[in-house]
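Subject: Structure handover

Hello,

Please find the structure below. Notes on what was found in it follow.

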Amino acid sequence: MDQFLFDTCWWIPCYGLLGAILTLPWSTGLVRQTGPRPAAYFNLFMTVVAFLHGLFVFRATLGHESQEFIIHWLKAADLDLSLALEVSPVSMGAAELVTGLSLLAQFFALGYMEKDWALARFFALMGFFEAAMSGLALSDSLFLTYALLEMLTLSTYLLVGFWYAQPLVVTAARDAFLTKRVGDVLLLMGVVALASMAGSLNFNDLYEWAETAELNPVVSALLGLALIAGPIGKCAQFPLHLWLDEAMEGPNPASILRNSVVVACGAYVLLKLQPILVLSPVASTALVVLGTMTAIGASLVAIAQIDIKRALAHSTSAYLGLVFIAIGTQWTNFAFYILFAHAIAKALLFMSTGAVIVTTSTQDITEMGGLWSRMPATTTAYLVGSAGLISLLPLGGFWAMREGVNIYWVDAPWLVVVIFLVNALTALNLTRVFRLVFLGQPQPKTRRAPEVPWMMAIPLVSLSVITLLVPVMLQGLSFLPSWDYFNWQTALPLVLSGAAGCLVGSTIYLNRTWARPIQAPLKFIQDLLAYDFYVQRLYEVTVVWLVSTVSRVSAWFDRYVLDGFVNLVGFVSIFSGESLKYSISGQSQFYLLTILIGVSIFGALLTFVLH
Amino acid sequence: MLSLLIALPLLGTLIVALLPEKHGRLTGRAIAFTVAILSFVWSVLLGFKFDAELTSLQFVENLPWIAQLGLSYRLGLDGLSLPLVVLNGLLTWIAVYSTDPDIQRPRLYYSLILLLNAGVVGAFLSHNLLLFFLFYELELIPLYFLIGIWGGARRGYAATKFLIYTAFSGVLILAGFLGVVWLSGADSFEYNPALAASLPLSSQFLLLGTLLVGFGIKIPLVPFHTWLPDAHVEASTPVSVLLAGVLLKLGTYGLLRFNQGLFPEAWAIAAPYLATWAVVSVLYGAFTAIAQKDMKKMVAYSSIGHMGFILLAAAAATPLSNLGAMFQMVSHGLISALLFLLVGVVYKKTGTRDITVLRGLLNPERGLPLIGSLMIAGVMASAGIPGMMGFISEFLVFRGSFPVFPVQTLLSMVGTGLTAVYLLLLVNRTFFGRLPDQFSNLPRVEWRDRIPGIILTVLIILWGLQPSWLVHWSETTLTAMLTGPGAIATTPLVTPSTTSPKTSLKVL
């Protein structure tokens, strides 16, 4: 039995997919009599099975060497594409995180999406989403990883576009797909190049190859940049970050996953690629630079948002920026801690905002207030999630950031400053949102605000408990330092930065009526941050403009120059035929003359050529 | 055995054409349907009997015909033609099935469709240059009438344009074939890869150029493509399906069989230019597609872009890239057929194909939700999302071509990115959003409209998940084409490093 469960671990991603496929009769509307609920329950059941199966395999792998499963997929000419799976504590742990959060999010969705007519479609998409992510966690082949990343792109598109009749959703889904696709195509270039150079796409073979490969610096730089482009898109890092913000138009349960584990998938791929990225110092530098830019920029932008989901989504980009820094400086431990702590805390924060949204029917925080006494569980969840994210109390966020501060304290102090900044700004933002949503006077939309039903409350409370238990889990996996090695000198400033952020956040003047500052510089800064540093505008005048201009020019060229030429030739031949017909006079002398002239011209030409 | 593939549809043509007029509508359709099914089933059966391990031609039929001219009736099947023959059978069946039952002049229509099928199969099976040419021209006549009689408003213009272009391509191909045989002094037109091997390089180039333009018109390659968008826009849906799905493949088939196959030496020298030409085709097709407003025109330009990948792969001429070219032919055949079918349904129900007018068609109650879902699947397949056929074909093309032409391959990959742009815009504009009032009373979509699309989608996903079923048919032939007499020697710029013992084994 044990061995059987272990050998069939490749089923873990398949459960979600199976759930998605078997709910097709409901999601396509073939079965209407039962309503969409059976489909939802079936998907939920499949996720439970995947979670339990994964849990078993995870326990079995603890303390063992990692094992590899190879499924030969396509063998053609000199190409041997195999789908390799790695079963190790890390990969199984990642798969568990995915299926666990997916389980909670789907449970939450039972309540959140209760009145939606397309419930079955939503659950089918969630199953597909989960399948792609848990597959990604287990994948040990760059080919499979790439394929699954694209599946994630597709399912993000479909989930963001779930309410496709709304105009904002239409553009959000489009931007999410195209932005990620830019990263994916660049990644594909890297994959194809790597496949040609290394001969295999299994990570183990690639690592072996990377140890001895000698590449031209230009090639290795381009290769490295191409490989990090995919994760940049997935993790919503500058310059491919705007989709995450727009994607908040989608249903909240999908946002829970998107902000916690989906972005983490991109970083996970990057971690897998890290031994290959060592070949290219340019790529490592790019990771650190882009990570820093995103970490600080997104933290600042988050402060100016008034949409509750967007305010949190930007901080997701910021935390993933820290992960990028960690990977760029080859500190994978730090990256893993941040990913883990952030995924759980952020999922909780999004659940609690989901509860707020479903009760108040708005996402605008200026329309909220005074919810703390009406929705105690939601308020607690928000507080716990915030505490788990920033480093103020000894929860997940603190331990993760402490690791980073310890690492960079001596070698790269400026990175310590980045961590402090992200911590302080996130604390400020979370406090600001808390004050606007939960404190203060109730507004029209928050006056009648009962606590959410049990289907949402149960995952909310369970995840709150899990967030509180993150340090215990870290301790259990012996990731925490013992007290003897605990460095107060680095921990104290970290906590102080968090406290400073909270302090500023709780004292700044907040105006719910969205007053504009009178001073021009302040107004400018507010706009700059609220509109994401005008990056969207930047896209419009550069990439979008370029593509649309080139396409219009080529369409014009095609229509008028190429086709015009073709039509001209046709016209000329018809016209000359038509006009020659008037020379048919019926007089034989005229025909004779034509023949004579023709023959003499021909003869003249002939003699000319012969001489 | 192979003659049956030609004889069946020809017989069907005769029967349908000679039916009494009052039986044309139902009996004619039934006969055409049966014949299409039978020849499709027969081609699949041949596929099962086909021995994929053999490099030689199989099921060869050789009858002397006009020996003085060197024309013989020589048919044969190999890994290059088999998938295309099966594809042709499938799409002919789908075209007959998706034809409007109340079509005008049904007897003529169905007999022309069957005649077209016979012509295309004949061309794929011929192993005599003159015979190929005859079938190639035979296919042209029914298609001219199919566009010219059952087409849209400007059908006369489009049909004539198609006729002139393709006839010109036929003339060039004939000239090329005559040149090969005369210059090499062969005593018949029998196809033989070593036919042109003894020719001096200059005449090889001349002949290659002639044939390249001839087939380039058919594929079509930029700048010989302008007949295609017009023909597609004016043709009715089933004809568009056949045109994009099968007819264009005659060009790429010729590219592999008669250009790469006959002139390996000249091909290897011209390859870098051909690869660059492919890039131009890919990017030109993609960019022009972005600016289109008519859904059919957009899909037509996307065809131009996607056929460019085949030229790229053929230019690289590695075993893998040729396999990719083959795979791309089949996948493009299925995917573009799917897209044209769905656009046809949208047009039939809404009366327009203008993406600036259409909106919100995914509406679950009054729109076309299933058609929209299939459209999303088709679009994703065309944009190369893994799990579907488009991805693996493009991956094979790129992976096969990259070692030989890294820069051109990377530029072509930009083309796949752009494919996502225009096809996503198409879906986003027409299917997402709120359904306007003017489309709130759309006619019901019947299962007859959906079934062909569903079948194609299933096939696209199936072969996307299990490509080895298709690869297995063609691999031996395509590898043999490159290692046979006078094989091409393109030099890879990137070679797998043999440093690690594990990988070097695989490479060797």
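**The hairpin in chain B**

Gly70(B) has a positive phi near 80° in the hairpin of E1(B) and E2(B), where four residues lie between the strands. This is a predicted model, in which local features need pLDDT of at least 70 and side-chain atom pairs count only at pLDDT 80 or more, while totals for chains, interfaces and linings use all residues. Residues are numbered from 1 along each chain as its sequence is written, and chains are lettered from A and ligands numbered from 1 in the order in which they are written.

Strand E1 (residues 58-66) of chain B pairs with strand E2 (residues 71-77) of chain B in the antiparallel sense, over six bridges. Two strands pair if DSSP finds at least two bridges between them. Pro64(B) has Ser72(B) as its bridge partner in E2(B).

**Chain B as a whole**

Chain B contains 18 helices and two strands (DSSP runs numbered from the N terminus: H or I of at least four residues for helices, E of at least two for strands). Its radius of gyration is 22 Å, close to the 23 Å that the globule rule gives for 508 residues, so chain B is as compact as a globular protein of that length. The radius is taken over C-alpha atoms, and the rule is 2.2 Å times the number of residues to the power 0.38. The C-alpha trace of chain B spans about 65 × 60 × 40 Å along its principal axes.

Of the 508 residues in chain B, 62% are buried. A residue is buried if 20 or more other C-beta atoms lie within 10 Å of its own, exposed if 12 or fewer, and partly exposed in between, with C-beta atoms placed from the backbone. For contacts between residues at least 6 apart in sequence, 80% in chain B join residues at least 24 apart; a contact means C-beta atoms, placed from the backbone, within 7 Å.

**Chain A**

Chain A has 23 helices and two strands, and its C-alpha trace spans about 115 × 60 × 60 Å along the principal axes. Buried residues account for 54% of its 611 residues. In chain A, 82% of the contacts between residues at least 6 apart in sequence join residues at least 24 apart.

An unreviewed UniProt entry lists residues 139-424 of chain A as "domain: NADH:quinone oxidoreductase/Mrp antiporter transmembrane". That span is 79% helix and 0% strand, and its end C-alpha atoms lie 36 Å apart.

Thr507(A) belongs to helix H20 (residues 488-507) of chain A. Thr507(A) is exposed because 10 other C-beta atoms lie within 10 Å.

Regards

Note on methods
Contact = placed C-beta atoms within 7 Å. UniProt positions renumbered as here; feature names shortened; annotations may be inferred.
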